[in-house]
Amino acid sequence: MRIAILDLCLPHAEFDRHGTIAEMVLAWLAPHMPEATFTSLHIATGVPLPAPAAFDGYVLTGSEKGVYDEAAWMAPLRSFLLELKAARIPTFGVCFGHQIMADTFGGKAEKVDEGFVIGARTYQGSNGEFAAHAMHQDQVTVVPPGAKVTASASYCPVAALAYDFPAASLQFHPEYRRNFVSHAVDLFEGDMISAEEAAASRESFAMDVAEDLQGAEAAAFFRDALST
């Protein structure tokens, strides 16, 4: 099984001390998919998109961009997603990946009034309540046709989606670890978030966020999609 991780986040000297986003996704997902080989493609820095059939499945990472931005790679990515849909090639999105998939497949993602959300949050999924790390200000606000909401939160009604073709996505970040999110809180305090918001984010780290959160489910998504 050949899985490509499409890294949609620009390099960042501070954050990349924890590894690139693609490396975080790999560390999260690879233990659950020992049969897979992973290739990271840094699309945000100009690496071209592959032919859709070059890989058996794709993971789209988060990004500092919003779906309403005009990065040079964004329109080609939307076209690529439609090709993946038509070819029924399994596609899994995280945060920005979740948003651009929904926005491309007939829904809508946009900036909402919740402000910049960072820290651990509680979500409700099909198997009950769980905690996960979040870092975003945009959300999916219109569910695409044929998609089903599979997780939600009080602040984020569309926290995860499953489609009626081989695609699924998450708004939260199962690949993030507490030390990375804590570092982000320190960097963003006084700029993107207030001192009070930073304090609340630090308090949220008392929640127990599983390090293998949704990893088995993501692996099962790819296996199931490729076995049909």
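This is a predicted model: local features need pLDDT of at least 70, side-chain atom pairs count only at pLDDT 80 or more; totals for chains, interfaces and linings use all residues.

Colleague: How do the residues of the lining of the second largest pocket divide into nonpolar, polar and charged?

Modeller: The lining of the second largest pocket divides into 11 nonpolar, 7 polar and 2 charged residues. The elements that give two or more residues to this lining are E7, strand E9 (148–152), strand E10 (160–162), strand E11 (167–170) and helix H6 (215–227). In total 20 residues line the second largest pocket, and Ser126, Thr150, Leu170, Gln214 and Glu217 lie nearest its centre. Its volume is about 450 Å³.

Colleague: And what volume does the largest pocket have?

Modeller: The largest pocket comes to about 520 Å³. It is lined by 30 residues, and those closest to its centre are Cys9, Ser63, Glu64, Lys65 and Met135. By class, the lining holds 14 nonpolar, 10 polar and 6 charged residues. Helix H3 (96–104), strand E7 (128–136) and helix H4 (178–188) each supply at least two residues to the lining of the largest pocket.

Colleague: What makes a space a cavity, and how many cavities of 30 Å³ or more does the structure hold?

Modeller: A space is a cavity when a 1.4 Å probe fits inside but cannot get out, while a pocket is open. The structure holds 1 cavity of 30 Å³ or more. The largest cavity has a volume of about 40 Å³.

Colleague: Which residues line the largest cavity?

Modeller: Its lining consists of Leu81, Leu84, Lys85, Arg88, Ile89, Thr91, Phe105, Phe165, Pro166 and Ala167. Helix H2 (residues 74–87) gives the most to that lining, with 3 residues. Sorted by class, the lining of the largest cavity has 7 nonpolar, 1 polar and 2 charged residues.

Colleague: How do you know whether the radius of gyration of the protein chain agrees with that of a compact globule?

Modeller: We set two values side by side. For 228 residues, a compact globule would have a radius of gyration near 17 Å, and the protein chain has 16 Å, so the two agree. The C-alpha atoms fill a box of roughly 50 × 40 × 35 Å along the principal axes. Within the protein chain there are 6 helices and 11 strands.

Colleague: How much of the protein chain is buried?

Modeller: A residue is called buried when its relative accessible area is under 20%. Buried residues make up 52% of the 228 residues in the protein chain.

Colleague: Why is H3 described as largely enclosed by the rest of the structure?

Modeller: Count its buried residues: 8 of the 9 residues of H3 are buried, so the helix is largely enclosed by the rest of the structure. The buried ones are Phe96, Gly97, His98, Gln99, Ile100, Met101, Ala102 and Thr104. H3 is followed by Gly106, which has a positive phi near 110°.

Colleague: Which residues is Arg78 in contact with, leaving aside its neighbours within four places in sequence?

Modeller: Contact calls for heavy atoms within 4.5 Å. Beyond those neighbours, Arg78 is in contact with Val67, Ile100, Asp103 and Thr104. Arg78 itself is found in helix H2. In sequence, Arg78 and Phe105 are 27 residues apart, and their C-alpha atoms are 8.9 Å apart in space.

Colleague: What do the buried residues of H4 pack against?

Modeller: They pack against helix H1 (21–29), strand E6 (117–125), E7 and helix H5 (195–204). In H4, the buried residues are Phe180, Val181, His183, Ala184, Val185 and Phe188. Just after H4, Gly190 takes a positive phi of about 85°.

Terms used: Residues are numbered from 1 along each chain as its sequence is written. Side-chain values use heavy atoms; hydrogens and water are left out. On a 1 Å grid over the protein atoms alone, a cavity is a set of points where a 1.4 Å probe fits but cannot get out, and a pocket is an open set with protein on both sides within 12 Å along at least five of seven lines; lining residues have an atom within 4 Å of a point. Grid points are joined across faces, edges and corners, and a volume is the space filled by probe spheres set on the points. Helices (H or I, at least four residues) and strands (E, at least two) are DSSP runs, numbered from the N terminus. Ala, Val, Leu, Ile, Met, Phe, Trp, Tyr, Cys and Pro count as nonpolar, Asp, Glu, Lys and Arg as charged, and the others, Gly among them, as polar. The radius of gyration is taken over C-alpha atoms; the globule rule is 2.2 Å times the number of residues to the power 0.38. Buried means under 20% relative accessible area, exposed over 50%, partly exposed in between (1.4 Å probe, protein chains only).
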